[in-house]
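User: I'm new to this one and want to look at its aromatic rings. Can you put it up?
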Amino acid sequence: MKKLLLTTALAGFAAGAAQAQDVPVGIILGFTGPLETITPTMADGAELALSEANESGNFSLGTLTPVRADSTCIDSGAAVAAAERLVTSDGVTGIIGADCSGVTGAILQNVARPNGVVMISPSATSPALSTAEDDGMFFRTSPSDARGGEIAAEVLRDRGVETVAITYTNNDYGAGLAESIRAAFEEQGGTVTLVASHEEDKGDYTAEVGALSSAGGDVLVVVGYVDGGGAGIIRSALDLGAFETFYLPDGMIGDSLTETFGDEIDGSYGALPGTDSEGASQFAEMASAAGFDATSAYAGESYDAAALMILAMAQAGSTAPADYAEHIMSVANEPGEQIYPGQLGRALEIIAEGGEVDYVGATAVTLIGPGESAGSYREVVVEGGALETVQYR
């Protein structure tokens, strides 16, 4: 799949030289809603890759132009409408996003598939997306929550936790990850006292926390959103003295967590996708120079999502999704020269010369199965009111 005729590449260069054109790329994330403090940095990560490719002068198909849209994270109707505008009004050649699993699935089925548009999500982690009908158009640089549940169980058991209660935001992401954690924790010998949903945007979570407290548990697992109901659950639990320690999955990890609770939740811990690879260090330097935090949740995955789309277009010699979709798995995996953040220009040169690339990126990308990341995780703990990295798994 990786082989590309030199004549095809040269023809692409000639066409690009003859007529440079805008190549609009949609970036649809929850700029409002329960992840609104995380998503701007995700967008920065994706746009950093687009800028890098443009500045290299080696992307022959035109000028990559980001077009942002708001998924809201939780309102599927609004997300679908925003995605439709990206496709019909803005004419995007692909979509980076969405972020949350429910709206991602809605966009996939109602916009991407009917219009034949590629989607690469950096953060939609629901296991249901692994088997969703996608016509070969959907990919994600984040691992499935099936893996996230295993990681959560490992972290909890390694810390000697015997019993947990689980609360989850009542949507595809919450239900899928909660079930994965429950199954993995019980398989490892732990006891789950209660699994209960919570709704977003409630002013009072006393009843939900009361039920969880009555069931008991050494730790409360909060599968929610850091700017939404998850934070409300923690606030109520602290005020009621119901729980002192919380397990925090990816949707709960962000700067606003410690800004809101500080040392009130010292000793709480969790995990989110992350790696200490060579690529992560290089991405951190680039992000710092660009003025954003590389360790923010899914920033690296967003950079990688955009980079994969760029390289697939280059290898296909086309910005048409029907042409480049089949090249995404190719550029993401062996064989080929390994490519890290800051080396997109080099990758584009290799492709233009008919060579092969193995994009490693910021998050040690390897796409498996239905086009999703195998994934590694960064374990964190709250100490002195700040998030500290413990280890990588």
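Analyst: Here it is, a predicted model. One cut-off before we start: buried means under 20% relative accessible area.
User: Okay. Is Tyr247 buried or exposed, then?
Analyst: Tyr247 has 2% relative accessibility, so Tyr247 counts as buried.
User: And what about Tyr269, buried or exposed?
Analyst: Tyr269 is at 4% relative accessibility and therefore counts as buried.
User: How many aromatic pairs are there in the whole structure?
Analyst: A search of the whole structure gives 4 aromatic pairs. One of them joins Tyr247 and Tyr269: the ring centres are 6.1 Å apart and the planes are at 75°, so this pair is edge-to-face.
User: Where do Tyr247 and Tyr269 lie?
Analyst: Tyr247 is in strand S9 (residues 246-248) and Tyr269 is in strand S10 (residues 269-273), so the pair ties together parts that are 22 residues apart in sequence.
User: Which charged end sits over the ring of Tyr269?
Analyst: That of Arg159, 4.0 Å from the centre of the Tyr269 ring.
User: Switching topic. Are Phe283 and Tyr303 buried or exposed?
Analyst: Both Phe283 and Tyr303 are buried. Their ring centres lie 5.2 Å apart with the planes at 50°, so the pair is tilted.
User: Which helices hold Phe283 and Tyr303?
Analyst: Phe283 belongs to helix H10 (residues 278-290) and Tyr303 to helix H11 (residues 299-316), so the pair ties together parts that are 20 residues apart in sequence.
User: Which residues do ring pairs link into a cluster?
Analyst: Phe283, Phe292 and Tyr303 are linked that way.

Terms used
Residues are numbered from 1 along each chain as its sequence is written. This is a predicted model: local features need pLDDT of at least 70, side-chain atom pairs count only at pLDDT 80 or more; totals for chains, interfaces and linings use all residues. Side-chain values use heavy atoms; hydrogens and water are left out. Rings of Phe, Tyr and Trp (its six-membered ring) pair if their centres lie within 6.5 Å; planes under 30 degrees apart count as stacked, over 60 as edge-to-face and the rest as tilted. Helices (H or I, at least four residues) and strands (E, at least two) are DSSP runs, numbered from the N terminus. Buried means under 20% relative accessible area, exposed over 50%, partly exposed in between (1.4 Å probe, protein chains only). A charge sits over a ring if NZ of Lys or CZ of Arg is within 6 Å of the ring centre and within 35 degrees of the ring normal.
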